[in-house]
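The sequence and the structure are shown below.

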Amino acid sequence: MKRLLVVRAVSVSLVFVCMFGNVLAQTGNGGLTGTVEDTSKALIPGVSIIATNTETGVTTSAVTNESGAYNIPSLIPGTYKLTAELAGFRAASYTNIALGTSETKRFNFTLEVGGVATAIEVTVDAGALLTTSSATVDNVLPEYKVRELPLVGDDILDLIGVLGGARVSAGPFPEFTTFAGISAGYVNTSVNGQSVQDGRYAAGVYSTTRINPDMVSEIRLVLTPVDAEMGRGNGQVQIQTRSGTNQYRGSAVWDIRN
């Protein structure tokens with residue numbers, strides 16, 4: 001009887017952890033949106049839109065509404081392929097879509113009448129297109145820059161000084177650090193959409209724990225304005241952890257702190 005109770009307690013704990021993990025996973029995610037039309041500019045409803053994370057193989061789908069519009073929210077930041085398919089039309093896709101933290105990007109499709117065996121593929125250079133649907137002014141360090149830039153203390157927050165709009169105070173007065181003229185005391189720091197600040201006094205950008213760069217896929221400095229869903233602060237430092245891939249990888253860090 002005691003063994004049965006233990007098994008049930010463990011099961012309940014696992015369910016709770018899984019549910020709580022899913023809730024956290026939805027914060028700080030991005031989204032893809034847009035419209036689908038034919039060559040005559042008529043909007044097409046009922047088109048299947050499939051977003052595929054090229055690193056994990058996970059797919060998320062949506063269908064265009066009566067206005068030919070689609071929306072795929074709550075996507076984990078990463079690299080995506082976006083495909084539009086409908087019987088009687090040639091499939092079209094965008095590749096190499098870099099989706100960042102709390103970022104919504106717009107991609108519109110134009111489908112041509114044709115057989116299902118033929119497809120049109122559009123290669124997207126995300127840096128050359130203005131596709132982000134947001135009024136936020138920000139600067140972003142993607143994963144490869146986080147990995148390549150030198151860090152003495154292995155704390156990702158030390159990279160704030162290389163982002164445009166930040167003026168980091170040197171010496172024993174971190175509260176004098178400013179972001180676009182705003183004191184760092186009014187800037188919130190979040191990881192995966194969750195605030196990681198828990199201090200009584202304004203001490204600049206900080207976290208309750210040291211954030212190793214091996215954990216980070218992207219760091220974003222939001223200068224102004226902060227999107228409504230982000231909540232507190234006139235500015236934000238948003239950090240997104242790495243989601244992983246289908247490949248086995250690892251790293252080790254050795255710290256000596258006398």
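In strand pairing, Thr 178 stands opposite Ser 183, a residue of E13. The model is predicted, with local features requiring pLDDT of at least 70 and side-chain atom pairs counted only at pLDDT 80 or more, while totals for chains, interfaces and linings use all residues. Residues are numbered from 1 along each chain as its sequence is written, and side-chain values use heavy atoms, with hydrogens and water left out.

Strands here are DSSP runs of E with at least two residues, numbered from the N terminus; two of them pair if DSSP finds at least two bridges between them. Strand E12 (residues 178-179) is joined to E13 by two bridges, and the two run antiparallel. The open sheet to which they belong has three strands in the order E11-E12-E13, with antiparallel pairing. Its edge strands, E11 (166-167) and E13 (182-183), each pair on one side only.

E14 pairs with E17 in the parallel sense over five bridges, and the bridge partner of Ser 190 in E17 is Gln 238. With strand E15 (residues 194-195), E14 pairs in the antiparallel sense over two bridges; here Ser 190 stands opposite Ser 195. E14 and E15 form a hairpin with two residues between them, and Asn 192 in the turn has a positive phi of about 55 degrees.

**Nonpolar cores**

A nonpolar core is a set of buried Ala, Val, Leu, Ile, Met, Phe, Trp, Tyr and Cys residues joined through side-chain atoms within 4.5 Å. The largest one has 22 residues, and those with the most contacts inside it are Ile 156, Ile 160, Phe 179, Ile 219, Leu 221, Val 237 and Ile 239. Strands E14 (187-191), E16 (216-224) and E17 (235-241) are the elements that give two or more residues to this core. Its largest share, four residues, comes from E16.

Leaving aside residues up to four places away in sequence, Ile 160 touches Ala 166, Val 168, Phe 179, Val 205, Ile 219 and Val 237, where contact means heavy atoms within 4.5 Å. A second, separate core has 21 residues, including Ile 49, Ile 72, Ala 84 and Phe 109.

**Aromatic pairs**

Rings of Phe, Tyr and Trp (its six-membered ring) pair if their centres lie within 6.5 Å; planes under 30 degrees apart count as stacked, over 60 as edge-to-face and the rest as tilted. The whole structure contains three aromatic pairs by this search. Two of them are listed here.

| Pair | Centre to centre | Angle between planes | Class |
|---|---|---|---|
| Tyr 70 and Phe 109 | 6.3 Å | 50 degrees | tilted |
| Tyr 94 and Phe 109 | 5.0 Å | 65 degrees | edge-to-face |

Tyr 70 lies in strand E4 (residues 69-75) and Phe 109 in strand E8 (residues 109-111), so their pair ties together parts that are 39 residues apart in sequence. Tyr 94, in strand E6 (residues 91-99), is 15 residues from Phe 109, and this pair likewise links distant parts of the chain. Tyr 70 and Phe 109 are both buried, and Tyr 94 is buried too. Ring pairs link Tyr 70, Tyr 94, Phe 107 and Phe 109 into a cluster.

Definitions and conventions: Buried means under 20% relative accessible area, exposed over 50%, partly exposed in between (1.4 Å probe, protein chains only).
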